[in-house]
Amino acid sequence: MQFGGRRKKISTNPQSELYGQHLQFYGQPPLENISLSEFETFAVERLKLLKTVENLGVSHVKVSDQYKGKLESQLKTLNFPYRPDADDKKSQSGPTEYEKRRKDHISHFILRLAYCQTEDLRRWFIQQEVDLFRFRFNDLDPKQQLPFLHKNNLHYDTISSEEKIELKDQLINSSFGFSGIKVMEHEFYKVPFQDALDLVRLRKVYLKQGYAYIPHQDIVTIVLNDFRTRLSKALALTARSLPAVHSDERLQPLLNHLSHAYVGQDYSIQKNVGKISLDQIDSLSGKSFPLCMRQLHQSLRENHHLRHGGRMQYGLFLKGIGLSLEQALQFWKMEFTRGKVDADKFDKAYAYSIRHMFGKEGKRTDYTPYSCMKVILSNPPSQGDHHGCPFRHSDPELLKQKLQVYKVSPSGINQILELVKGMHYQLACQKYFELTHNIEDSSFSLNHPNQYFLESQKLLGGGKDIKREMDAPQRSQENSASKGSAATQEVAANTSQHLAEMTEDLESFFQEA
Amino acid sequence: MPSSDYDPASLPDLLPLYYRRLFPFSQYYRWLSYGGVQKNYFQNREFSFTLKDDIYVRYQSFSTQNELEKEMQKMNPYKIDVGAVYSHRVIFHTLQSFAADICSKCWTLMTIAIRILDRALQDDFGFQHRLWVYSGRRGVHCWVCDEAARKLSVAARSAVTEYLSLVKGGDETIKKVVLTEPIHPFISNSLKVVKEYFSRYALHDQDLMGSKESVEKVLALVPEDILFLQEFKKEKKPEKRWELIEAEALRKQSTAKKGQYFENEIMLQYCYPRLDANVSKGVNHLLKSPFSVHPKTGRISVPINVSELDKFDPFSVPTISLICEELDRPRPGEEKEKVEDAKEKADEKDAIEKRKSRDYKRTSLAKYIKYFDQFLDGMARSWKGERLRNSDLQKEF
């Protein structure tokens, strides 16, 4: 009896199959044992990589040479695979290609554990992984792309020239911007229509006998969507196995740290408490506060009052920069009593909510300082309010005036207004940072007002304490590719040595809470 | 000769006869069971019956053909609807259905609709097993019975429906079809069909260019900078008027930067089928069953033989009263049959089948059941191939 043409594969290690190319769909989890330190290194380094992907994605066009160059250099530095044609046949120093691919594989799966927990984390993780995948896929030689897809169950086939000639008119008429010449020059793929629904729905593709004929430029989109869908499903599944993972005491602190790191922590844990004195606040507000907090501080000083929204946003920010409860009470009382509120009323009506912010009263509902996302998206200000994000909520004319008052240059103001027009509010704030600190390129990607403050203080030389606070969770931010080699290399070299130290730091970091 | 005109009041008398002797249960069961490839398919299919006085009974399901038959013969439903396959937890996908509706007067539009959609379902989407069923009054449904269609996700169904939709907008929208370059092959193919029938349908049957009201509506769809109104008003013959429009369109194409397709847009707006999007996209819908009776017209929902589409006349589709009457007509040689029946009593089930087949063959229902049989044979051949493939895979060690 003849069985169908299935040949038995005699490979001992199924994973060596996986590492046949420098990228993969991460369909199979790693099956080996690794040491705890390798676990941590891999995870941290991949996180640095993804942070770089994020930063570059925000500041560069994703297919530009600059983007590619910088990302490639970061991949190289962190010992991730970066060249599609690399192999281990030639001897080289440093990790082998196999080792790099193995690291890529394992680190991806570790980060899944950290990033599957909430919708925000998943979204962020998926976005960066998709961008990384796109970069690597486009790097593949076209001749290698098809076999790669086939290996991953995407049975897309290109059509032959003969078929192209036969279908030329139909292909010209179904894809926008395709002339006869262009049809012959570009590859077309034959894909089951169910895999190209977005194109089918809009009738942007030629259909024949249940297959869609897709030009190369569109196939990348389809492949990326497939990657994204697979990863999204996988993360949902991973989330279900979390309780088991979290019960492992070795892993839990690290995973928590990793998922906080993407946000650069939420600043709910206070460090440097009491290191700032109240009389510094006025000058700090001009130097190191983001515009939203500067604005709130100014309104408070002018009106001796802030409404609830403003008190929350500013009050929690102050807590985040290190004000103690006693200081905060003193600060607000001093200001409010200059206005229409007398001491008694303050104690009765406002003190409670300040103590509440510090977790000293009632149910400890969300008392973490607001991130940029929160400020921009929730509780928009109305008449008489001063909270919110000025780049988002202020009338552009008023914003312009305010920036002029704060002595931002006219060209700088224009740049900011352009970003605001494009709805890039955080980038606008970052530009404000750069202009007020006189630097070309802020090396972080802004997503939290307290982060703004810390970065500013760091830049202005605000002491060792601040630096240490930044170190552990923000190493990933320091090492964006645009910063240059010195810091990166140093940290990379030190990583393995200092991991034990870092882990210790982490544990104490969390215990202080 | 008793009249075979249909009277809804006679349904209570006719239905029992229909379900006992004429309704093609075995073919029906076969259709719903996909030739036995999937286990439990039939058992999980939902039926609903509308009984006399509009009593509506849902969530019926049956384990065997026999059960279904007995229940229908007991209830004598006025209407039968078939729905998605269901289990208690998950609704499975089933046959895909497209419903197109038309104005009550014109069958030509239905013909255009079937030709356009049938071609697209086959040539563009590769669906092989398409059963078009006349609703009994003014609509048609298409049941797509391919395995691939069964597995379509909600998103896929929605995408297919949108691909097939050309006429957009409600009463407030004047211009419902807008064409831009490049003209997709689907649109060109559909236009070919429309053009075949347009003259007959629009110019003759509907007198589009004749009555003042309809002419105004058409002119509302013509671009504003067309300067042929004078000439147009002088021309009285409808065909000549349309020719003027076509000539203008041609002229505009050569002068305009972008192709002006307004004469095509007009033809499509009047002739292109409007799909019932809800039915096409939904999975849990119940749809008029083939061989169901339309209570208002009495006509049987018969399958349409697409290869003989141009010959199909909705007004010659048999009514339940006609076929019951045909059944009762005495035939030559009936005595002989009764004797044969007695001999076959030993093999009861077979005898029943044979008698039933003799029964409906005497009626006008015969050719529709024959066509249904051919359709099922086609499906069976596909499923057979599927079965062989499945069993081969199981053999692999």
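Tyr206(A) stands opposite Tyr213(A), the latter in strand 4 of chain A. Helices and strands here are DSSP runs numbered from the N terminus, with at least four residues (H or I) for a helix and at least two (E) for a strand. Residues are numbered from 1 along each chain as its sequence is written, chains are lettered from A and ligands numbered from 1 in the order in which they are written, and side-chain values use heavy atoms, leaving out hydrogens and water.

**Strand pairing in chain A**

Two strands pair if DSSP finds at least two bridges between them. Here are the pairs:

| Strands of chain A | Sense | Bridges |
|---|---|---|
| Strand 1 (residues 157–158) and strand 2 | antiparallel | 2 bridges |
| Strand 2 (residues 188–192) and strand 4 | antiparallel | 5 bridges |
| Strand 3 (residues 206–208) and strand 4 | antiparallel | 3 bridges |

You can follow Tyr189(A) through this arrangement: Thr158(A) stands opposite Tyr189(A) in strand 2, and the bridge partner of Tyr189(A) in strand 4 is Ile214(A). Next along, Phe188(A) faces Pro215(A) of strand 4. Strands 3 and 4 of chain A make a hairpin with 2 residues between them, and Gln209(A) in that turn has a positive phi of about 50°. Strand 4 (residues 211–215) is mostly covered, with 4 of its 5 residues buried; buried means under 20% relative accessible area, exposed means over 50%, and partly exposed lies in between (1.4 Å probe, protein chains only).

**A buried glutamine**

Gln128(A) sits in helix 5 (residues 119–139) of chain A. Is this residue buried or exposed? Gln128(A) is buried, with a relative accessible area of 4%. Its side chain reaches the backbone nitrogen of Glu54(A) at 3.5 Å. Leaving aside neighbours within four places in sequence, Gln128(A) is in contact (heavy atoms within 4.5 Å) with Leu50(A), Val53(A) and Glu54(A).

**Chain B as a whole**

Chain B has 16 helices and 9 strands, and buried residues make up 52% of its 397 residues. Of its contacts with a separation of 6 or more, 71% are between residues 24 or more positions apart. Chain B exposes about 20100 Å², with carbon and sulfur atoms supplying 50% of it; accessible areas come from the Shrake-Rupley method with a 1.4 Å probe, and for residues only the protein chains shown count as cover.

Helix 6 (residues 154–163) of chain B is largely enclosed by the rest of the structure, because 7 of its 10 residues are buried. Among them are Arg157(B), Val160(B) and Tyr163(B).

**Confidence**

The model scores ipTM 0.80 and pTM 0.62. Chain B has a mean pLDDT (the predictor's confidence in each residue, from 0 to 100) of 76, and 76% of its residues reach 70 or more. Among the elements of chain B, strand 4 (residues 96–101) has the lowest mean pLDDT (44) and strand 9 (residues 303–304) the highest (94). Over residues 85–105 of chain B the pLDDT is below 50, and this stretch has 81 contacts in the model beyond near neighbours in sequence. Where pLDDT is low, the predicted coordinates should not be read in detail.

Definitions and conventions:
Predicted model: local features only at pLDDT ≥ 70, side-chain atom pairs only at ≥ 80, totals over all residues. Polar contact = N/O pair within 3.5 Å; in protein donor to acceptor, adjacent residues only side chain to side chain.
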